[in-house]
Amino acid sequence: MNFIRNTIAVLVGLGIAGLIITLGIRAFPQWITFEAFAPFEHWQRFLYSMKGDSAFFGFLLFISGLGSTIGGVATALIVKYAKVAYAILIGFIMLFIAMLDVIIFPYHPTFYKISIFLTFFPFSWIGGKIVEVIYERNKKKRIAEKMNKK
């Protein structure tokens, strides 16, 4: 049962991260060069149109970090044990996808290629730590309440 729960948690975390990236890209109308909701269906043409726009790739790093954090939080909330590890798994999978993106499509600037390694793991780790800290505080609070009742 934990395997199914953990698998669902990872899929939910990745879905949330992908949704946040999509909404982030759609936030600026000048970047919308596609007709579908998500830019991923026409990613090559979309990246080619953004080829010289460093601001877009900087924002893409930011929104990817935000997506990793929130996806890590969602995953850590769903799994029962090893919350930070599963949040970091979200960062690893997103890093793998970003590396494939950089390898397959040659339109990324150099700073983006380097920065993806510094973005996904730390931000997803932060998401897992947020949940872990909240759970630890609640645990200490419950223990203190039990001690005060005695």
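The structure is a predicted model, in which local features need pLDDT of at least 70 and side-chain atom pairs count only at pLDDT 80 or more, while totals for chains, interfaces and linings use all residues. Residues are numbered from 1 along each chain as its sequence is written, and side-chain values use heavy atoms, with hydrogens and water left out.

The chain has 5 helices and 0 strands, where helices (H or I, at least four residues) and strands (E, at least two) are DSSP runs numbered from the N terminus. Along its principal axes, the C-alpha trace spans about 65 × 30 × 25 Å. Of the 150 residues in the chain, 39% are buried; buried means under 20% relative accessible area, exposed over 50%, and partly exposed in between, with a 1.4 Å probe and protein chains only. Taking contact to mean heavy atoms within 4.5 Å, 67% of the contacts between residues at least 6 apart in sequence join residues at least 24 apart.

Helix α1 covers residues 2-26, and its 25 residues should span 36 Å at 1.5 Å a residue, which agrees with the 36 Å between its end C-alpha atoms; the expected span is 1.5 Å times one less than the number of residues. Among the buried residues of α1 are Asn-6, Gly-13, Thr-22 and Ile-25, and the buried residues of this helix pack against α2 (43-49), α3 (54-78) and α4 (83-104).

The largest nonpolar core has 25 residues, and those with the most contacts inside it include Ile-25, Leu-47, Phe-57 and Ile-116. The elements that give two or more residues to this core are α1, α2, α3, α4 and α5 (110-149). Such a core is a set of buried Ala, Val, Leu, Ile, Met, Phe, Trp, Tyr and Cys residues joined through side-chain atoms within 4.5 Å. Leaving aside neighbours within four places in sequence, Ile-116 is in contact with Leu-61, Leu-95, Ala-98, Met-99 and Val-102.

Two further buried residues can be followed in the same way. Tyr-107, in the loop between α4 and α5, counts as buried because its relative accessibility is 16%, and, not counting residues up to four places away in sequence, Tyr-107 touches Gln-44, Leu-47, Tyr-48, Lys-51 and Phe-57. Gly-127 has its place in helix α5 and is buried, with a relative accessible area of 0%. With residues up to four places away in sequence again not counted, Gly-127 touches Thr-69, Gly-72 and Val-73.

Most residues other than glycine have a negative phi. Ala-82, in the loop between α3 and α4, has a positive phi of about 55 degrees although it is not a glycine. Ala-82 is partly exposed, with a relative accessible area of 45%.

Ala-82 is also one of the residues that line the second largest pocket, together with others including Lys-80, Tyr-81, Glu-132 and Arg-142. The elements that give two or more residues to this lining are α4 and α5, and α5 gives the most, with 5 residues. The lining residues divide into 4 nonpolar, no polar and 6 charged, where Ala, Val, Leu, Ile, Met, Phe, Trp, Tyr, Cys and Pro count as nonpolar, Asp, Glu, Lys and Arg as charged, and the others, Gly among them, as polar. On a 1 Å grid over the protein atoms alone, a pocket is an open set of points where a 1.4 Å probe fits, with protein on both sides within 12 Å along at least five of seven lines, and lining residues have an atom within 4 Å of a point.
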